[in-house]
Amino acid sequence: MSDLSLPMTPATEQKVVAAQLTVMTVNIHKGFTTFNRRFILPELRDAVRKVGADLVFMQEVLGMHDAHGKKWEDWPEGGQYEFLADSIWPQFAYGRNMVYPKGHHGNAVMSKFPIVHYQNHDVSVAGPEKRGLLHCVLKVPNCTHDVHAICVHLGLAESHRQQQLDLLCKITHTEVPAEAPLIVAGDFNDWRRRANEILLREAGLREIFVTAYGEPAKTFPAIFPVLSLDRIYVRNCSVHLPVVLPRKPWSHLSDHAPLVAEIHL
């Protein structure tokens, strides 16, 4: 068990425990198996439901794709985020990043608590890659402040990621009150592990696996993870029991292993 916050008095601890949520982040690979051999979004929805997370950060979510809708019988009528949310997560937000003739995809957040505001920030750098930061503001019961959640999917190029990290740090200061709980999660593509130092120094964000276990979780490829691409960072929160979800069934459902943690606000 790990606690990422400063020591608390019993009264404060009781208050924090009362306001808590389970967070999950997963790159859903547009609902297809590795190499796009099979459409498995219904299976993915069942697996995400079993985790029971209150707040789910998702990357590579299809908002629309006309060709896939004609090819696959079980293709959802609306966006994939609506299909995944269904009756379990009454609140959801979608940030469209990549647009092409047949459709578009981006980041999405599903929440059991009200999302009172959201904004998608285009952090694309010149070139074909389109990336975004989806910033959501939530009302969580028994929490004094609004909770801020930013879903991240950064670029593949190191120089692009550096610029995108700078933009992320600016958002954490200009749009997030200094005292508000902040959760930043997603696919950072940070295989060189450069983001942790930058985000801690410039934004006061702590990566939960680094704090708990000394190093970020290995999540890619899910079948045999060797790279630490997916992360969860927090500010003004305490975190307990961060885990990487097991290879079975997740290596079949995504090329990234999902991360889950219990967060106390």
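Modeller: Helices (H or I, at least four residues) and strands (E, at least two) are DSSP runs, numbered from the N terminus. This is a predicted model, where local features need pLDDT of at least 70, side-chain atom pairs count only at pLDDT 80 or more, and totals for chains, interfaces and linings use all residues. Residues are numbered from 1 along each chain as its sequence is written, and side-chain values use heavy atoms, without hydrogens and water.

Biologist: What pLDDT does the protein average?

Modeller: pLDDT is the predictor's confidence in each residue, from 0 to 100. Here 85% of the residues score at least 70. The average for the protein is 88.

Biologist: Is Q164 buried or exposed?

Modeller: Q164 sits in helix α5, residues 158–174. Beyond its neighbours within four places in sequence, Q164 contacts V123, V125, R131, L154 and G155. Its relative accessible area is 1%. Buried means under 20%, exposed over 50% and partly exposed in between (1.4 Å probe, protein chains only), so Q164 is buried.

Biologist: Which residues does P141 contact, leaving aside its neighbours within four places in sequence?

Modeller: P141 lies in the loop between β6 (132–138) and β7 (147–153). With a relative accessible area of 46%, P141 is partly exposed. Q20 is 121 residues away in sequence, yet its C-alpha is 8.7 Å from that of P141. The contacts of P141 are A19 and F113.

Biologist: How far is C237 from A180 in space, C-alpha to C-alpha?

Modeller: C237 belongs to the loop between β10 (230–235) and β11 (238–244). At 6% relative accessibility, C237 is buried. A180 is 57 residues from C237 in sequence. In space, C-alpha to C-alpha, the two are apart by 9.0 Å.

Biologist: How many aromatic pairs are there?

Modeller: Rings of Phe, Tyr and Trp (its six-membered ring) pair if their centres lie within 6.5 Å; planes under 30 degrees apart are stacked, over 60 edge-to-face and the rest tilted. One cluster is formed by Y81, F92 and Y94. By this rule the pairs number four.

Biologist: What is the angle between the planes of F209 and Y213?

Modeller: F209 and Y213 are four residues apart in helix α7 (residues 208–213), so about one helical turn separates them. F209 is buried at 3% relative accessible area, whereas Y213 is exposed at 52%. Their rings form a tilted pair, 6.0 Å centre to centre.

Biologist: Where is P249 placed?

Modeller: The peptide bond from K248 to P249 is cis, with omega near 10 degrees. Another cis bond runs from F220 to P221, with omega near -10 degrees, and P221 is in the loop between α7 and β10. P249, by contrast, is in helix α8, residues 247–253.

Biologist: Which strand holds E60?

Modeller: Phi of E60 is near 55 degrees, a positive value in a residue other than glycine. E60 is buried, with a relative accessible area of 15%. Its strand, residues 55–65, is β2.

Biologist: And which strand holds L241?

Modeller: L241 also has a positive phi, about 55 degrees, although it is not a glycine. At 47% relative accessibility, L241 is partly exposed. Its strand is β11.

Notes:
Contact = heavy atoms within 4.5 Å.
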